[in-house]
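This report is intended for reading alongside the sequence and the 3D structure. Please keep both in view.

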Amino acid sequence: MVFFSVVIPTYNRSNFLPNTINSVLHQNFFDFEILIIDDGSTDNTEEIIKSYIQSDNRINYFKIKNSERGAARNLGIQKANGKWIVFLDSDDVFLSDHLFHIKSLIEKFSEISIFTTAYNFNEDGRIYNSAVNILKSQLYDYQLLLKGNPFACNICVKKNALKKIIPFPENRMYSGMEDWIFLFTNSWIQDFYHSDKITVQMNEHPHRSMRFNTDIIQKRINATQYIKTAFKLSKSEKRKLQGYSYYFFAIHYYLDGSNFKSFSNSLKALLNLGLKEKILTLVIKGIIGRKWVKKIKNSR
């Protein structure tokens with residue numbers, strides 16, 4: 001049995017996959033396998049992966065009918081031979097010490113079954129921090145996730161934990177939010193440890209699944225409703241959950257140029273969360289509009 005199983009779901013990401021796979025192969029901890037779950041790609045993904053398989057027997061390839069990432073990741077969990085499962089999206093990369101660092105955390109916190117680490121973004125060579133980078137290294141529970149999921153799917157879980165890991169939702173109505181539901185569900189049962197060390201780099205590009213669009217807003221609505229109904233939240237927790245979802249909507253509507261919808265959702269966020277500077281700023285931006293905000297910034 002290997003120590004880590006790195007599960008990589010992919011769909012038509014042949015242009016990113018080599019960097020992603022190489023980032024795992026070049027880790028400074030070597031006891032791992034790679035499971036690439038091809039979610040029905042129609043590009044040359046299979047051809048690329050087969051070239052890797054010929055040179056490294058740690059790589060396993062499974063092709064399935066397109067079923068979205070939740071189903072692909074769940075298959076990876078089922079097929080994994082490792083003691084621990086580490087998720088990696090097919091357009092992102094591990095920094096060279098990612099697995100070694102998680103191994104050190106596992107040894108230090110032997111009672112923990114879920115770990116996350118910090119990450120940054122790479123946009124055409126420009127490196128910048130993510131929202132998760134403000135979080136300190138410590139234990140967290142589901143309360144943090146009422147705001148949403150700042151960790152994406154940068155998650156490591158113990159395959160045969162005492163408190164069994166609940167799989168990802170596979171319904172397409174949650175696509176893009178399945179990692180939030182997965183982490184919320186499992187952190188409801190057990191606390192997780194987050195490390196503030198940056199060990200993953202996400203590739204920010206126009207086709208990234210979380211780029212602003214109205215479809216992801218609907219998926220957030222669906223996921224919010226799921227969490228509301230599936231868990232016994234207090235009234236204040238429900239307000240926090242709904243308030244941050246309104247804030248999420250407002251940001252995406254603003255980026256999409258829907259100023260009135262951004263403004264109205266910002267107000268709803270204020271009603272649920274109270275006066276917060278970042279929401280008030282978004283209210284003002286919604287009134288002015290993104291086009292004029294850009295002009296004002298450029299004129300300085």
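## Basis of the report

The model is predicted, so that local features need pLDDT of at least 70 and side-chain atom pairs count only at pLDDT 80 or more, whereas totals for chains, interfaces and linings use all residues. Residues are numbered from 1 along each chain as its sequence is written, and side-chain values use heavy atoms, with hydrogens and water left out.

## Packing of α1 and α2

Helices (H or I, at least four residues) and strands (E, at least two) are DSSP runs, numbered from the N terminus. Helix α1 comprises residues 17–25 and helix α2 residues 45–53; they pack at an angle of about 25°, and their axes are 11 Å apart. Axes here are lines fitted to C-alpha atoms, for helices over the stretch in contact, and angles run from 0 to 180 degrees between N-to-C directions. The two helices α1 and α2 are therefore roughly parallel to each other; angles under 35 degrees count as such, over 145 as roughly antiparallel, 65 to 115 as roughly perpendicular and the rest as oblique.

Contact means heavy atoms within 4.5 Å. On the α1 side, Leu17, Pro18, Ile21, Asn22 and Leu25 take part, and they meet Thr45, Ile48, Ile49 and Tyr52 of α2. The residues of this contact comprise seven nonpolar, two polar and no charged. In this classification Ala, Val, Leu, Ile, Met, Phe, Trp, Tyr, Cys and Pro are nonpolar, Asp, Glu, Lys and Arg are charged, and the others, Gly among them, are polar.

Ser14 lies in the loop between β1 (4–10) and α1. With a relative accessibility of 14%, Ser14 counts as buried; the term means under 20% relative accessible area, while exposed means over 50% and partly exposed in between (1.4 Å probe, protein chains only).

The side chain of Ser14 makes polar contacts with the side chain of Asp43 at 3.1 Å and with that of Asn44 at 2.8 Å. A polar contact is a pair of N or O atoms within 3.5 Å; within protein, one must be able to donate a hydrogen and the other to accept it, and residues adjacent in sequence count only if both atoms are side-chain atoms. Residues up to four places away in sequence aside, Ser14 touches Asp43, Asn44, Thr45 and Ile48.

Tyr193 belongs to strand β10 (residues 192–203) and is buried, with a relative accessible area of 10%. Beyond residues up to four places away in sequence, Tyr193 touches several residues, including Leu105, Phe109, Phe115 and Leu139.

Asn186 is located in helix α5 (residues 178–189) and is buried at 0% relative accessible area. Leaving out residues up to four places away in sequence, Asn186 touches Ile114, Lys164, Ile165 and Ile166.

## Positive phi in two loops

Glu68, in the loop between β3 (59–63) and α3 (69–79), has a phi near 80°, a positive value in a residue other than glycine. Glu68 is partly exposed, with a relative accessible area of 25%.

Asp124, in the loop between β6 (114–123) and β7 (126–129), likewise is not a glycine and has a positive phi of about 55°. Asp124 is exposed, with a relative accessible area of 79%.
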